[in-house]
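Subject: Structure handover

Hello,

Here is the structure I promised to pass on. My notes follow below it.

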Amino acid sequence: MNILVVGLGAIGTVFSVFLKSSGHNVYGLTKRKYLEELEKELSVTGIFGERKAMLDKVSDDPDNLKDIPFDLIIITVKSFDTEKAVNDIKGLVSEKTLVLSAQNGYGNYETAGNILGFHRVILGRVIFGSRLIKTGFAEVTVIADAVRIGNPHQLINEKIIKDIAETIDKSGIPTKYADDVYEILWDKILYNSALNPLGAILRCNYGQLAENENTRTIMNKIIEE
């Protein structure tokens, strides 16, 4: 497959390195300030194992990738960059190209679908943790479940999505098809709502939040709300 990963941060680095090292043609689209480091060999360490890969091409300009017939484009940018990222890759999306939003959060799938058409966009729920040790070097630290992918509008043939899930799974990133992917995503949103704000405010990790009776009470109230 010809695969483009948009955003080579912690999650994007993992997808690009694992898919490239499993035999696919993988390209990257990034910001100019990261370009020099990302044109070198990328590395992933952690619970998924050790991998290294040199991507086929990394660019900060979509026009430099316009002659490549992409089968799959994986978007991993932060939510505030989604609209720009989708508009940037709009000209790279052919009739056979599918776009996977591997971003979590509410609204990314809708933004991509409104621009590209929901018949081209796959929603992903990612619940493995990855951190950047430095640009181009990521560590997978934890996993709670396989990546789940699907099309909430049911406009993409189920077999096609299952084949993409199998491709990612065989690369070493646990991935499964889910026809109820939206429901699964909302589980993650509830999870994040309870944990992330308190973790940021109190500067502590998830385990510390769970150990404290007061923060457990606050988290339960957030979920009830």
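In α1, Phe15, Phe18 and Leu19 meet Thr167, Ile168 and Ser171 of α5. Contact here means heavy atoms within 4.5 Å. Four of the residues in this contact are nonpolar, two are polar and none is charged. (Nonpolar covers Ala, Val, Leu, Ile, Met, Phe, Trp, Tyr, Cys and Pro; charged covers Asp, Glu, Lys and Arg; the others, Gly among them, are polar.)

This is a predicted model: local features need pLDDT of at least 70, side-chain atom pairs count only at pLDDT 80 or more, and totals for chains, interfaces and linings use all residues. Residues are numbered from 1 along each chain as its sequence is written, and side-chain values use heavy atoms, leaving out hydrogens and water.

Helix α1 spans residues 10-21 and helix α5 residues 158-171. Their axes lie 8 Å apart, at an angle of about 85°. So α1 is roughly perpendicular to α5 (65 to 115 degrees). Axes are lines fitted to C-alpha atoms, for helices over the stretch in contact; angles run from 0 to 180 degrees between N-to-C directions. Helices (H or I, at least four residues) and strands (E, at least two) are DSSP runs, numbered from the N terminus.

Now the sheet. Four strands form an open sheet with mixed pairing, in the order β4-β3-β10-β9. Pairing takes at least two DSSP bridges between two strands. β4 (51-53) and β9 (128-134) are the edge strands. β3 (residues 42-46) pairs with β4 in the antiparallel sense, over three bridges. There, Ser43 stands opposite Lys52 of β4. α1 packs on this sheet and touches β3, β4, β9 and β10 (137-143).

Best wishes

How values were computed. Angles under 35 degrees count as roughly parallel, over 145 as roughly antiparallel, 65 to 115 as roughly perpendicular and the rest as oblique.
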